[in-house]
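The sequence and structure come first, and the description follows.

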Amino acid sequence: GGGHGSMPGVSNAGLANETGEYNCFLNVVVQCLYNCRDFRNSVWELPAYEAEHPVVVALRKLFMDMQQAESGWQPGGQRAVVNPTALREALDSVTQFKQQEMNDANELLDTLYECFKKAQSSAGAEGSRGVLVDSVFGLRVSEQVNCRQPGCGKRTHIIGAHWEHLLVVNTMALTFAAYGIPEGSADMGRLLRTLFDQEQKMCDKDMGGCGTAYVSGEPLVWGVLRRRLMCCEVLLVTVALVH
């Protein structure tokens, strides 16, 4: 792609993808993570003992190379290209992602999260990916339907507290949601809220409930999710569009 000097927070450094390297799935994830400022800064600020994992070392160095390439860029100039080979080598040495092979971007993202979890020696609650990843991309959620109908009062769809880091969204549904929002105000948070307001959970009849439907997006949960999306909006959308 071309340079984006006029767009604050968007990298001007490209990542190499020579013939036969099959780096496209990796490059899109790296670019997204790099452009999540909270994540990028947290990686740079990791204590030395937490930055010894080979994949974390390689990603941290790649981020630094990208920043250095950006610092020398001038509007109208040619965009610098950074080589991600060291990260591919690190992934090859400790994960299932081998060099010169095409892989799935979402699987890579989850593997990178796991590498940070191992680097921080974090066990955590169910679904945790370690303090760094949880703090930037994680949402601690639990779920249940509390029926408010007189004579019912059942609690169904009970899912215990756990961490989630990936929100699966139908991109076509996002496109249709944008049609009903005034031009210029269709930010990602508002689009997702529109979709969530259309989702319903029912008081489960299979568990003795009455079948009453309730909107799934409660205000408190949405407030937390919206703050998370402010950090990872580009990541969430770009990785989704890769597939």
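## Aromatic cluster

Y34, F39, F63, Y113, F116 and F137 are joined into a cluster by ring pairs. Rings of Phe, Tyr and Trp (its six-membered ring) pair if their centres lie within 6.5 Å; planes under 30 degrees apart are stacked, over 60 edge-to-face, and the rest tilted. The structure has six aromatic pairs.

The model is predicted: local features need pLDDT of at least 70 and side-chain atom pairs pLDDT 80 or more, while totals for chains, interfaces and linings use all residues. Residues are numbered from 1 along each chain as its sequence is written, and side-chain values use heavy atoms, without hydrogens and water.

## Pairs of F39

The ring centres of F39 and F63 are 6.3 Å apart and the planes stand at 80 degrees, so this pair is edge-to-face. F39 belongs to helix α2 (residues 37-44) and F63 to helix α3 (residues 54-71), 24 residues apart. Helices here are DSSP runs (H or I, at least four residues), numbered from the N terminus. Both F39 and F63 are buried, that is, under 20% relative accessible area with a 1.4 Å probe, protein chains only.

F39 also pairs with F116: with centres 5.5 Å apart and planes at 70 degrees, the pair is edge-to-face. F116 is in helix α5 (residues 105-119), 77 residues from F39, and is buried as well.

## Helix α8

In helix α8 (residues 188-196), the buried residues include M188, G189, L191, L192, L195 and F196. They lie on the same side of α8, because they cover an arc of only 165 degrees around the axis, taken from the directions from the helix axis to the C-beta atoms.

Methods. Helix = DSSP H or I, 4+ residues; strand = E, 2+ residues; numbered from the N terminus. Buried < 20%, exposed > 50% of the residue type's maximum accessible area, 1.4 Å probe, protein only.
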